[in-house]
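Open the model in your viewer and keep the sequence panel beside it. The stops below tell you what to select and what you will find there.

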Amino acid sequence: MSAVVTPVKTSIALQTRGLSKSFGSLTVANDIALNLPVGARYALIGPNGAGKTTLINLMTGMLAPDKGQIFLGGDDVTALTPQARVKRGLARTFQINTLFAGLNALEAVTLAVAERRGIADRFWQNIAVNKEAIEEAYEILVKLKLGDACYQQTRELPYGRQRLLEIALALATKPKVLLLDEPAAGVPQDESGDIFEVVASLSDDLTLLFIEHDMHVVFRFATHIIVLVSGAVFAEGSPSEIAADQGVREVYLGARKHG
Amino acid sequence: MLPPVIGVLFDGIAYGMLLFLLSVGLSVTLGLMNFVNLAHCAFAMIGGYVTVVLMKDFGWNFFATLPVAFFAAALTSIIIERILYRRLYGASDLDQVLLTIGLAFISVSVAAWFFGTTQQPIEMPSYMRGSFVVMGLNIAVYRLFLVAVGIVVTILLIMTVEHTRFGAQVRAAVDNQRMARGLGIDVDRTFAITFALGSGLAGLGGALAIEIVGLDPQFAFTYLVYVLIIVSVGGLGSIGGSFAAACLIGISDIAGKYYVPQLGAFLIYLVMVAVLMWRPAGLFGRR
Amino acid sequence: MALQDAPMTTPQASSPQAYLQGLSRWRTIEIIFWLATLLPFWLFPNYLSLASQIAVAALFALSLDLILGYAGVVSLGHAAFFGVGAYTAGLFAKFVWGEVFTGLIVATIMAALVGYAASFIVARFRHLTLIMITLGMGLLLHEAANSAGWLTGGSDGLQGIEVWKVAGLFKFDLYGTTAYGYSLAVLFVVFLFTRRLINSPFGLALRGIRENFVRMPAIGADSRAHIRKVYTISAAMAGIAGAVIAQTTETVSLEALSFERSADVLVMLVLGGAGRLYGGLVGAAIFLVARDQFSGIAPQFWYFWIGVLLVVVVMLLPNGILGGLSKITARWSRK
């Protein structure tokens, strides 16, 4: 178990080494090594069941690996709890909406902001006292085009807006690395544009890894693609390299025929 | 001459067998569907009262009442499952707890209405009532009978689970419900049958319990605590776990009452809290 | 949950901050409610000791609402803290002195300490394991109190408690006037505190835990620390309730620690509606008034109706009476 190293100015935002996980005889992650430089726009693709979401769960700490290490900004975070990793700048969204159904959008994002600011355990003051936190939350919502719906209960928001709220919650933690798990999954065509605009407008300092099935989206946003098959990195490279890769085509298109 | 501790052990195991019968159904259904059924011992009570009525009012032989107790409890559970439980499989723990406690309250009141609040004695055939001496130990015939029933039921259960297709379906569904459904297993039907079986066994346990611990309307709650302890300690979904935990609790209880009576039930609760803290999923549980 | 569901359309709030402030303003119905609690002094002067019991039960139910209705922690052993508060206050009055406010403070601290210790265990578990552990801990404490007769008086209860006049002026008499005044005042003060907590950032975090436990770590929240904190506060509140009953009745018995008390308070809360701040208060009032009215009938029949009530509430009225009422008013205001 390596001790936490004093952060050195590093250009690698997120790195994994030898990350492995098995459930009995089922291997969901096989010696995965990733290197995400600061500001990266990486896409993670692969057939269904390849282990993409599992990889995110391993990186965020929701799942404990059998072997391997995870480095965030040069620091070994393998032993840290998920919330500790969030505090260090690693955030993720969920493929299936994991929202606070009974809170309205403003409350939800304010909660995330409050947690980040360390004021969420204050029980003696009204929440409205924390002007800056609320305003910060509101700005995030406006940026994600949710400003006019911010007083609506989450469960009453249309699906596309809920997906935007997923991203808003993650952004409220002021991440350095953001893992997006199929951000536009299930969103109808006419609404998905908003989501991609948001993704496009994300700051250049923010390192992005997104899981995506729609290859148009992947080619539009990604500078580098990682292909995951059966828990292992099958191929990686620039979009044009991957597009030309015969092996990837077989695996992906073949899987799509069955899937 | 065998030391008295062997006698305590034997009594503890006999008691444990009874507790096992009462608990195994709940453990498996909890592991299968994650449905917290606190009315489980009410089904046991039904079995007990069926035996009482058949013996007292109809003069039946004790052994003949046992299968009827089993089926009566199983049938009642099927009806309740269809009408009420089915709707709450996805509900919160609290809702399930409240609904089933409510049913338990109702059953206790109904039993008190029909049978009064005092214990129901039954007349065992004389050959069941005695005891004989083996190596200086007093072995009660009825307790030996309990141990025998317990062993037989355990063997039957293990055979069913390990060697029948139904058993395989149960094991698959306990292990991973989604995957089981994906493989085409009718999980709902598997659950309904398992639930009926488990409740039936509880009913059998209730009938057998009369001679050892007595039957009154409070039975549904008095033994619920023990059953819950055994299920939590043994691990959800584990027959072997229930068996081990039932023996552990049975022996602890009898030994406690024999050697340190002033402790009362303290020992049992302590064992439970300690085990759960060490292994939250129970000794043989999986989550 | 906010005291009333957020409106469907965007109101012309001057700012998000003002909107959030508005969610916690005092509603007229609340003011009416609290004014109504004064009515028993004039309308039901013969029932003031019952009213005092209701106030105590309401406070106890409020404490349970914090952990169950807001943080989603299901406890079947909350009477443990009620009992700790009761016995501490009783012993304090018996062996130290009978001044009520200091007794109240000491009992609160004691209950908070026990709650704090227990919170480390409670915060680690969920679902059935948690239910069983809370049940087990409650039963353990009850057994321990039963055995420690030299301290608690065992099944005979604590004898010889004598409490002084409140603030040197008001004596606890058989009419219950002082008792009700005292318990109502304590209830109100603690209620104000709770209301403030619910509308605080911490209250929002608790609702987050209840609404989506998985999402909390993903936004950087330490749910366990939050749960430990609210559990301790809730234990302290339950302890206050226990202390008040000990002081106003000058008796404490094992019943204060019993499973029956834990179960009853759960029923009261669920009846009124958990997570709605007033649910426990309404539920306690209805439950105890009903029990008083039906005190003639045998206990098993009382429990029959409680059982029916529970089944009905779960199947038809999942958010209790207040939940049902707010659904009706929501439908009405939409017309």
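**Before you start**

This is a predicted model: local features need pLDDT of at least 70, side-chain atom pairs count only at pLDDT 80 or more, and totals for chains, interfaces and linings use all residues. Residues are numbered from 1 along each chain as its sequence is written, while chains are lettered from A and ligands numbered from 1 in the order in which they are written.

**Stop 1: confidence in chain A**

The average is 88, and 93% of the residues score at least 70. Now select residues 255-259 of chain A, where the pLDDT is below 50. Beyond near neighbours in sequence, this stretch has four contacts in the model. Two residues are in contact if their C-beta atoms, placed from the backbone, lie within 7 Å. Where pLDDT is low, the predicted coordinates should not be read in detail.

**Stop 2**

Switch to cartoon. Helices (H or I, at least four residues) and strands (E, at least two) are DSSP runs, numbered from the N terminus. Two strands pair if DSSP finds at least two bridges between them.

Select E2, E1, E4 and E5 of chain A, in that order: they make an open sheet with antiparallel pairing. Its edge strands are E2 (26-37) and E5 (75-76), each pairing on one side only. Zoom in on E4(A), residues 67-72, which pairs with E5(A) in the antiparallel sense over two bridges. There, A:Leu72 has A:Asp75 as its bridge partner in E5(A).

**Stop 3: the six-stranded sheet of chain A**

Keep H1(A) on screen. This helix also lies across E3, E6, E7 (177-181), E8 (207-211) and E9 of chain A, at about 150 degrees to E7(A).

Now show the whole sheet. Its six strands run in the order E6-E7-E8-E3-E9-E10, and the sheet is open with mixed pairing. E6 (90-92) and E10 (232-237) are the edge strands. From one strand to the next, the twist averages 20 degrees.

For a parallel pair, select E3(A), residues 41-45, and E9(A), residues 224-229, which are joined by four bridges. A:Tyr42 stands opposite A:His224 of E9(A).

**Stop 4: two helices of chain A**

Select H5(A), residues 159-171, and H6(A), residues 189-201. They pack at an angle of about 15 degrees, with their axes 9 Å apart. That angle makes H5(A) roughly parallel to H6(A), a label for angles under 35 degrees.

Show side chains next. H5(A) contributes A:Gly160, A:Arg163, A:Leu164 and A:Ile167, while H6(A) contributes A:Glu191, A:Asp194, A:Ile195 and A:Val198.

**Stop 5: a hairpin in chain B**

Select E1(B), residues 131-134, and E2(B), residues 137-140: four bridges join these antiparallel strands. Two residues separate the strands of this hairpin, and B:Met135 in the turn has a positive phi of about 50 degrees. B:Val134 has B:Leu137 as its bridge partner, and B:Phe132 stands opposite B:Ile139.

**Stop 6: between the chains**

Which chains share the most contacts? Of the two pairs of chains in contact, it is A and C. Chains A and B have no contact, and their closest C-alpha atoms lie 12 Å apart.

Turn to chains B and C. Here 28 residues of chain C are in contact with 31 residues of chain B. On the chain C side, H7 (127-147) and H15 (299-316) each supply at least two residues. H7(C) gives the most, with 13 residues.

Finally, select H12(B), residues 266-278, with H7(C). The two helices pack at an angle of about 145 degrees, with their axes 9 Å apart. In the contact, residues of H12(B) including B:Phe266, B:Tyr269 and B:Leu276 meet residues of H7(C), among them C:Met132, C:Gly136 and C:Glu143.

Definitions and conventions:
Axes fitted to C-alpha atoms, helices over the stretch in contact; angles between N-to-C directions. Parallel < 35°, antiparallel > 145°, perpendicular 65-115°, else oblique. pLDDT = per-residue confidence, 0-100.
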